Amino acid sequence: MTIINEKPIPYAEFVSSFESISYFNKQEMPDELLYGVYESPIGLITLGIYENALCYLSFAEICERTNLPLPAKKLENFYKKTAKLSDNHPIINQCKKELSEYFQYQRQEFTIPLALPGTFFQRQVWASLTHIPYGSTISYQMQAAWIHNEKGMRAVGTANGANPIALIIPCHRVIGKNGHLTGYAGGLHIKKALLDFENRIVFNL
């Protein structure tokens, strides 16, 4: 995989990526969220919707007792809301289409509208993730340098871990300085599978 340089993101580019994502306060959300599910080659994906944007994407948690996926559990825990399955929401349908194209090597960037909660610092970190090219990786140290916070590696790692829209905001492309895979909310096996996939290596979960 390609490891790219650690020069800070040009200010104009960073502002553009930051402003391309909508942000909101969790307290503004309705009591019930809509969600959909997508069966990817590496596991079931949960898609959460807020108004007309994607607000959540995560690989579903697996029940230890039944070994079956629990698609709404992490979404409900993250937003502290109940979630209702929606079979025909236009944003969910668009997201499924773009994910299918991604997993068929027909798409490297996503156009789905995004909406996120989070602090100003978290938003900076998440916006910086969108600058990591498909098939490339950076270190946490590089990412901190990108946002002009060279000493903030730990805080950057924590913010990456709180990213509510996996894969599309590609926190899986951030690795340890020594090249080792570290920290991923979906599990390191998922992180490795995504990186291998983007480098056209056969899945080996």
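**Exercise 1. Is Phe-197 buried or exposed, and what does its ring pair with?**

Step 1. Start with accessibility. Phe-197 has 3% relative accessibility and so counts as buried (buried means under 20% relative accessible area, exposed over 50%, and partly exposed in between, with a 1.4 Å probe and protein chains only).

Before going on, a word on the ground rules: this is a predicted model, in which local features need pLDDT of at least 70 and side-chain atom pairs count only at pLDDT 80 or more, while totals for chains, interfaces and linings use all residues. Residues are numbered from 1 along each chain as its sequence is written, and side-chain values use heavy atoms, with hydrogens and water left out.

Step 2. Now look for a ring partner. Rings of Phe, Tyr and Trp (its six-membered ring) pair if their centres lie within 6.5 Å; planes under 30 degrees apart count as stacked, over 60 as edge-to-face and the rest as tilted. By this rule the count comes to 10 aromatic pairs. One of them is stacked: the ring centres of Tyr-38 and Phe-103 are 6.4 Å apart, with the planes at 15°. Phe-197 forms a tilted pair with Tyr-102, at 5.3 Å centre to centre and 45° between the planes.

Step 3. Helices (H or I, at least four residues) and strands (E, at least two) are DSSP runs, numbered from the N terminus. Tyr-102 is buried too, with a relative accessible area of 0%.

**Exercise 2. Which parts of the chain does the pair of Tyr-38 and Phe-103 tie together?**

Step 1. Find the elements. Tyr-38 sits in strand β3 (residues 32-40), and Phe-103 in helix α3 (residues 90-103).

Step 2. Check the sequence. The two parts are 65 residues apart, and the pair ties them together. Both Tyr-38 and Phe-103 are buried.

Step 3. Widen the view. Tyr-38, Phe-103, Tyr-102 and Phe-197 are among the members of one aromatic cluster, which also includes Tyr-105, Phe-110 and Tyr-134.

**Exercise 3. Which charged residues lie over the rings of Tyr-105 and Phe-78?**

Step 1. Apply the test: NZ of Lys or CZ of Arg must be within 6 Å of the ring centre and within 35 degrees of the ring normal.

Step 2. Take Tyr-105. Arg-200 lies over its face, 4.1 Å from the ring centre.

Step 3. Take Phe-78. The charged end of Lys-26 sits over this ring, at 4.1 Å from its centre.

**Exercise 4. What lines the second largest pocket?**

Step 1. Get the volume. The second largest pocket holds about 320 Å³ of space. On a 1 Å grid over the protein atoms alone, a pocket is an open set of points with protein on both sides within 12 Å along at least five of seven lines, and lining residues have an atom within 4 Å of a point. Grid points are joined across faces, edges and corners, and the volume is the space filled by probe spheres set on the points.

Step 2. Name the lining. It has 22 residues, and Asn-160, Gly-161, Asn-163, Ala-185 and Gly-186 are the closest to the pocket centre.

Step 3. Sort by element. β5 (53-59), α2 (73-79) and α6 (153-161) each give at least two lining residues, and β5 has the largest share with four.

Step 4. Sort by class. The lining has 12 nonpolar, eight polar and two charged residues (Ala, Val, Leu, Ile, Met, Phe, Trp, Tyr, Cys and Pro count as nonpolar, Asp, Glu, Lys and Arg as charged, and the others, Gly among them, as polar).

**Exercise 5. Where do Lys-80 and Leu-167 lie, and is each buried or exposed?**

Step 1. Lys-80 lies in the loop between α2 and β8 (82-85). With a relative accessible area of 68%, Lys-80 is exposed. Its phi is positive, about 55°, although Lys-80 is not a glycine.

Step 2. Leu-167 lies in the loop between α6 and β11 (174-175). With a relative accessible area of 1%, Leu-167 is buried. Phi of Leu-167 is also positive, near 70°.

Methods:
On a 1 Å grid over the protein atoms alone, a cavity is a set of points where a 1.4 Å probe fits but cannot get out, and a pocket is an open set with protein on both sides within 12 Å along at least five of seven lines; lining residues have an atom within 4 Å of a point.
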